[in-house]
Every structure is written in C-alpha cells, then in structure tokens.
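Here are my notes on the two-chain model you sent over.

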Amino acid sequence: MAKWDYDAPILEIENLSISFFTRAGEIPAVMDFSCTVERGEAMGLVGESGCGKSTVALGVMQYLGKNGRIVGGSIKYKGRDLSLMSQEELRRLRGSEIAMIYQEPMASLNPAMKIGRQLMEVPLIHEKAGRREARRTALEMVEAVRLPDPERVLDAYPHQLSGGQQQRIVIAMALMSKPSLLILDEPTTALDVTVEAGVVDLVNALAEDFGTSMLFISHNLGLVLEVCDRLSVMYSGETVETGSIEDVFDRMRHPYTQGLFRSIPLPGADKTARPLVAIPGQFPLPHERPPGCNFGPRCNHFQPGRCDAQEVPTFPVPGDDRHETRCLRWQEIDWEAEPERDKGAAAIEPGEIVLKVDDLRKYYEVAANRMFGGEKRVVKANESISFEAREAETLAIVGESGCGKSTLAKVLLGLETASAGKADLGDVDLAHVEVEDRDARTVGSIQMVFQNPFDTLNPSHSVGAQITRALEKFGVGDGPEDRERRMLELLDVVKLPREFARRMPRQLSGGQKQRIGIARAFAGDARVVVADEPVSALDVSVQAAVTDLLTDIQRQRRTTMLFISHDLSVVRYLADRVLVMYLGHVVEIGTTDQVFSPPYHPYTEALLSAVPIADTRVKQRHIVLEGEIPSAMNPPSGCPFQTRCHRKVEVPGDLCEREVPPLRTLPTGNAVKCHLAQDILDRMEPVIELAGTTERA
Amino acid sequence: MEPLGWGAIFWQVFLQFTPVWIALALIFVVSIRFKRRLNLYGRLFDSPVGMLGLALVLFWIMTAIMADLVAMYPALDQFSGMKNARPGAFLPGGDDQAFLFGGDNLGRDVFSRMVYGSQTVLAIAPVATIFAFMVGITLGLPAGYYAGRIDTVLSFLANLVLAFPVILLFYLLVTPEMRDTPIPTVLAGVLFVFPVIFLVTLYYSRYQARPDVLWKYLLAVLVPGLYLYLGLAYGLVPLGPLEMTPNILNIFVAVVFVNSPTVFRIVRGLALDIKTRDYVSAAQTRGEGPWYIMLWEILPNVRGPLIVDFCLRLGYTTILLGTLGFFGLGVSPESPDWGMTINEGRRLLSIYPHPALPPALALITLVLGLNLLADGLREQSLKD
C-alpha cells in the first residue's frame, strides 16, 4: 500500500488554538497545543473532562461544528496542512486515512443495517471495490479483531452483539480502510474491565501489525501506560507536560501531572498510612481561567507575581526525549519531596457485626408475554450470598456489570425483596421487607450513595430542599426549623458552603453534587451506607477529595460501608474486606490482603490482571478472558465462570461443567468458590508485582 | 356616505386594536427587561420564532379580554341594510362607524363577530386542554411508573379511544340526541373528577407527615374543587358566570376525551424514561411513596416536553373547535364562534367572500402563533 510508505511524521500539530463562538462570546477550548505523532507511534492525550482533549481530536478531523473554529496554528497530516484542503479532499481523507473511534460503540453503528453491509461500505466507497471483494475484506477484518464466528457476525444487527463485540466491530470498521492515523476517544470507558483488557490488547496488536499511528484520548493513566509511547497531559485547554511515557511517569516536571499521580490509588497507597493527596480547588471554567498559569490557583508551588504575571511558555527538559513542561518553576521545585499528608487517622478497629447476610437469593421470573403469560424463565440474579459486615468496616463488592451487585444493593435497601435467605441489620429483617413497609429509623439507617453525580439529585428541587426532605422521611428533627438547622450542619459536614442550600443542582459541579448525595445518605445517622461506584464518574483530581470525605465521615460515625466497585485500585486502597461476585455468585471473599495476593479465584486473578495500573514499575501478568459475560437468563451449567475460565483445563474431567463448586475456606483465610485443587492454588503467582521495593510519592 | 377604501379600512382596523397594541407593547417591554430572571419564558425572547409566536398568541388573548373595547358593534345585533354589505360600508343611519369587514348575510358586523369569536375559542380551548392534561398525567404517570399490568390496561384503553374516528366521536357526543342520554353527564363526571384527584394527591403525597400544613392545602383544593365539580358535571350548585350550557359542556367533555389519550401516552413515555434515574432510586430508598415520586420527583422533570406539547395541543384544540363549529356541532347557533362563522360564510363564498375570510384568517394566525410558540419553547429548552 502506497499510502503507508511515508516516513516523516504522520501528524504535526503546531501551536493549535481552537475556540468556540457562542452567544456569550469567544470561548477558547484549546490554546497553543503542539504535538507530533511519528509513524507507528501511539500518542496519548490525558486530562480531565473539559480540558480540551476531545476538541483536539475533532480539530484533527476538522469536525468542529458551526460554532468551533481553528483560530491559530496548523495541523499537518503527512506534511499537508488540513485547513487548506477542500471539503472533498477532507472527506476522502477522513474515510481512508484518518479514522476515529468513539466511546459509545452504538453511536458509530447504524442500528438498522447489518454489520456486514456497514463494513463493506468502506471498501465499496473508498476503494471502489466489488461487492464480493468488499465482503471478503470485511470478513478478514472481523477475523482480525478476533470475533468468534465471523460469518454469523457479518449477518447480525448491531444490537445482537454485546458492548465489547460492538466496539470491536467499530475498530474493524475504522481499520477497514487501513488508515495511517487512528484517533481513539475513550474507546473502552463504556466497557467492563475484563472486556476492556481484551480491546486494549487488540488495539495494541493491530497497531503493531498495521503500523498505524494512534492518538489515544483517555482520562485513565493506566490505560495510557499500556497503549502509548508518548503522552501529552492537558489541563484547561493547554498541554502542561509532554514527553515519553517513561519520562512523564517517572520524572514528571509539572505540578499538575504530579498531583494527578498522587490522587490516584497506586499500589502502595493506603488509606491510613499513605492517604491520597487530592488536588485542592476546582477545574476552572473556560471563560474563568486565571491569568498566567492556568493551574496556578490549585498549585502548591504557586508564587504570586510570577506565576500569574504572564502566559507560561513550555520549557524543554534537557536530557529527555522531547520532554516539555509548561511550568515556570520546574527547576526550583523539589520533585522528590514527599507531599504533606493528613496524618493522624489511625486505623479503625471494626466493631460488632452490624449486617449479617445469610444464604440470600433473589430470583426474577420473566414471562415471555406480559398480558397472556407464556413461557416463564427464572433469572437468578443473586445466588446464595452470605457475608457479615462489622461496624466501621468497609466491605467492597467487586464485579462486572451483570454480576448481581446492584441487585444485592436493591434487596438490602428494600427496593426488591429477597426470594429466600436472610439479611439482618441488627435485629431488623431487611430481606423480606420493602422499603415502604420499613419504619423511618430503619430506612434512615441503611442508605445509598449513587454512582452518577449528574443523576443523583433531582434537577427540579433545590439542594437544601432535597436534604431536608430526606431528614423528614428519616424522622430526624422536630419541626421544619430544626430540620433546616440540621440540613445546614450536614452541608458543613460535607465541606460545602451553607449558601449552597438555595442552589439548584445544575449550578453545582459533579464533585459537589456527589457531596450532597453523601450528605443525604448520612442524614438519618445511617449505620450502613451502600456506595455504588461513588467516584467513578468524577474527574480524577476530584475523586480523591470525595473518597477522602466519604471515609472521613464513615470513620467519625463508625458507619459500615458496602463499597460497590469494579475498580480494583480503589478497592485495594479503601476496603478492609473484599467480596468478588460473578453472575450472582460470591466467588471469593476475604480481607483485602488475602484477596489481592495468591491464591486467587481464577476470576479474581483475571480481574486483577485486567486493571490498568499507572505505574511503570508494576509488572502485571496478562490474562485475557475469552468471550463475554454470559447472560443471567441463560447461565452456564456448573460453575458460573467455567465458560471463560483460563484455568478450567487444570481441573480433571468435566467437574466444572457439572457442579457448582462449594465456597471453601483456604488455609490463607479467604474463601473461594472453585474446584481447583489446593496444590494448584498454592502454586499461583502474584498478578501484580512491584519491580522496586521503594515506594514513590 | 362612500364606503372606505382598503387603505382606510386597514388603518381603521389598526386603530381599532389600539388597546391590544398597548397591552402587547407593555408585556414585551417588561418581559425583555427582566428576561434573565424569567427562566424558560424569558429565554423565549432570544428566539425570533418564539417571539413571533408569543406575539400572535398574546394578540388574540388580549383581543379576547378587551373584546368590548375593540369591537364596534355587539356580535348578535343585526342591522337592516347591512346584509352582505361590502367591507368598509357605512350604516345607512349616518353613523360614522363603518362595517370594517362588511356585513354577513344577516346584516351583522363581520369584524365585531371575529373579535368576539376569539372569546369562545380562548374560553374553551385552554381550559379543556388543561383538563386533558390532568387526565393524561394522572393516568400516564402510574402507567409509566408501575409499568406491568396497569400500563397494559391503560394503554389499551388509550389506544381504543385513539382508534375511534375523532369526527364521528364528536358527532356522537355533541348531537342533541346524545344530550338526552346520561352519557355526557357520566363522562363529565368521570373526566372532571381528575383535576380534584390530581391536586389532592399532589399535596397529600408531599405533606402526609405534616398534618398542620396538609389540611390547609386540602381545604384550599377541596372546597372550590368539589363545588366546581358538582356544578360543572352535575349542575347541582349555581356557578354564576362559570355556568356552562349543555352544549358547551358536551364540547368540553368531547375535547378532553379525545385529547387525554395522547397526553397519556406522552406522559407514560416520559415517566418510563425518568423512572430509571438515580434520583428516583434515591427517593425510593428513603421510603417515599409511589405518588410522591410520580408527582414530585418525575413530573417536574418532564415539564419541558409537556409545555411544548401543551402549546401544540392548544392549537389542535382550536382547530378542533373550529371544525366542530363548521359542522354545526358547536355552541349556540347564533354565537360568533369562528368555525361556525366560516361555515355560514361558505354558502355565499363565490359571491361574497368577505364574511368567511376574517374568521378563517383569525383561526390560522392563532394556531400558527401557538405552533411557533411551541417551536420557540422547544428550541430554547434544548439550549441548556
């Protein structure tokens, strides 16, 4: 292919500035952005939402909409300036040389067209190929993205595939025209961890096979480490630091980059001894950027009169390969210095057992036809779940979508009743009493923090009214005045100004909304708080602060927390004990140390290997699970994990397919639901290993 | 006296609407001055389409309110010698007030009748639409929220009503024979009880735990609500100016009956969507009752699409009333109702087009205004 024989840089962006023009005037989205992507190189763009990383990608595609315009600088693709090209040339380029993959696969697929026809369009239009040839290329591509049964996939409609399969098709479609540049905008954010690992693996392999250059946009530093060669950290429309992965990860020279690394839970972080360090303050809105350094107001090394005096240019870091930082003081700051951490939070001794769940089951009956009955099927959302949670303890519930963790939460909160089994909060039965039949105290004593901050508050009521209403329902306070006072106190507890009581949710940022959600959950002196991925939808720099707040309140009030998450890094940091679920079953339970070190349940092992860790010293064993999570409507026989298990071969006979293994306690203290013989379990090696023993800031 | 020329006619019409222009100007000046504080209504003034729509609608509302100032002659008075008079003709008696749009075949002033006709439309259409919304919301929310069997049954009933040809349904409901059967009363009894149920549930679900506040609200709803209900549906108590003739009552019931299934379906769909939000789960986990969730958590968040639909539906109802009048199924035979006036003018259309055109244009501008207003609202509400 002629178009791949090109040795100069594929993409050169120089001093790019992009602005959006709205009724409120010009809003600069990207300022003075430069980067070069060599042939076969993967460039990562990292930053929080609103930092302009997606705008850069859209700028490269020249898709800025009618409001957006490139106001300065140039984008050169293979030496040709994109802004000088005609619409016709651009269209040809977009389809065949530059391809883009978005976060949501269904947004890129036409739901009314079969996969085959959608894939065939690319060669039919761009290469003027014949139908048969196009079909053959499509088939090859589907094979290349490692989808099982490619013929069947070509004849399927998008909705008949799972999310991971859809994303693979989108990747296949992008690669159909053998592009020189692939832009991936958070391609795996909507996917589960083990599926994500498969897709990342695939992207890496394909890029190597085809020699494609990549622009990889993500907020996840761990993923960038796995995929990219170089990265560019963006903050509020500017690149603050750029360089090779090793340089930026190990010798960062910008306070924001350092802040980011300190606010994510890397191995070695610990909530009592080495807590995360949150970046103070908030991300500035595009029209409220400070003078001088954009990061200034949130920076510990800020010097008035200097950092806010002029626009900060970028400085090359000598000795490193194209490593640049946009910090005036980069040579003065002691980059190895330990940050100030809040000390004094002693480890908490868990108290009495607060919540006792015993053999809890939740089955749904699904009828084929609502009105006339029809064939009934049973969905086993929760199968024989038993655990105990103590006062002031954090129990993490880990699993991917469809594992039944949300159903468990629903049963505990009384939104559903259990089919069998027991769940007792003190001496109150939770399993079979719906929330409407519970008394106010019980309702207040088990509450929930929801995942999506933009959804957790009702947009039509003021913040204060929502907290007051919760107090009223929990029977707290006597009379409206008293509740008003308590509401204001709760705002103090979650460290928000009291004026916020009168604000509407849309006037709050994501982190602030989540704080209100936390205030609401603790309004009734909750004994148990179920936190469903409370920080996963927040920006990295805000996550640490909200996590801190949550654990602080929990510590002070000695509340039991059930922390639902799929992010094992956070779980390792926060949890005292961990419960791993798969397809409604508890497959492993134990203390955090037990679960995170061998022997593992094979599923825990795979999960651990799939989590991207943003640390160059970490050596991770790679286990890519085959296939997709089976549907709970149609679970596999025997062990629920047997269809994807990489260690099934080590169990003699067809035991895994016949029998559900019992939950057995290992000598190490954790319990696993697995048929593997003890000696195989004993031989397991750790998935995550730190290369050096020295801990880094 | 010589009849007025066209230029003079339009100038005279313009002057005749002076009170309306003043009111419109006042409303626009005040609204634009404070538009930043007026939420969605204020943002309407950023959209030319929305402003045009609002102006047209307000024009007719103001005309209806100030009809006595705008019109020159009573709507029903017949003047000898003015039968089918040309536009701009003067009364033979030497009065200096011309018949601006001429006279109809009974010698009545077309212009004045058009002005008074706006009262009929604007008295029935908004109230009937509000009632239809109350019925649709009260049934649509549980259908969407509970789903399952309730939804199946209610949706089936809604589809049943929707499947019935609207005009035929109207003929059935509005014909004099029907008036003698108990059906309209029963329907009115059923449909009119919904607003009362709606408001009582609204306040009860919210202030259940606070009896001191609750009884005030309930009293404020139930006393006038039940009084109106008994008066409107069964004629048991005197209502004074609010009294409805059996004819109007039938139209009213028919309009509500036909409109509510569509509203039901919209609300049901929106509720299905909103109930999956986390704030609904949050309300459930703090033990809120289903009606609190439906009315205080879900309903406020579907107001955007509902307001837009309200405007569109108002236009639809206006046309429906016109159609009814055209078929002679409307209000009393003499009334200046636009649809009926168009029908009367239709017979002589080829000879005298002037009696039919003004009410037709009035109907068009009002409905156009409502549709533009809906467009403007939709456009502005999406801009958040």
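1. Start with the open sheet of four strands in chain A, which has the order E2-E1-E4-E5 and antiparallel pairing. Strands E2 (25-37) and E5 (80-81) of chain A are its edges, and each of them pairs on one side only. Bear in mind throughout that this is a predicted model.

2. Take a look at the E5 end of that sheet. Strand E4 (residues 68-77) of chain A runs antiparallel to E5(A), and two bridges join them.

3. Five of its five residues are buried, so E15(A) is largely enclosed by the rest of the structure. Both faces are covered: A:Thr394, A:Ala396 and A:Val398 are buried on one side, and A:Leu395 and A:Ile397 on the other.

4. What does E15(A) pair with? One partner is strand E20 (residues 560-565) of chain A, in the parallel sense over five bridges. There, A:Leu395 stands opposite A:Leu562. Another is strand E21 (residues 577-582) of chain A, again in the parallel sense, over four bridges. In that pairing A:Ile397 has A:Leu579 as its bridge partner.

5. Now chain B, which has 17 helices and two strands. Its radius of gyration is 23 Å, which agrees with the value near 21 Å that a compact globule of 384 residues would have. The C-alpha trace spans about 80 × 55 × 40 Å along its principal axes. Of the 384 residues of chain B, 43% count as buried. Looking at contacts in chain B with a separation of 6 or more, 72% come from residues 24 or more positions apart.

6. Last, how many residues of each chain are in contact with the other? It's 17 residues of chain B with 23 residues of chain A. On the chain B side, helix H7 (148-163) and helix H13 (278-285) each supply at least two residues. H13(B) gives the most to that side, with six residues. By type, the chain B residues that touch chain A divide into four nonpolar, eight polar and five charged.

Key
Residues are numbered from 1 along each chain as its sequence is written. Chains are lettered from A and ligands numbered from 1 in the order in which they are written. This is a predicted model: local features need pLDDT of at least 70, side-chain atom pairs count only at pLDDT 80 or more; totals for chains, interfaces and linings use all residues. Two strands pair if DSSP finds at least two bridges between them. Two residues are in contact if their C-beta atoms, placed from the backbone, lie within 7 Å. Ala, Val, Leu, Ile, Met, Phe, Trp, Tyr, Cys and Pro count as nonpolar, Asp, Glu, Lys and Arg as charged, and the others, Gly among them, as polar. The radius of gyration is taken over C-alpha atoms; the globule rule is 2.2 Å times the number of residues to the power 0.38. A residue is buried if 20 or more other C-beta atoms lie within 10 Å of its own, exposed if 12 or fewer, and partly exposed in between; C-beta atoms are placed from the backbone.
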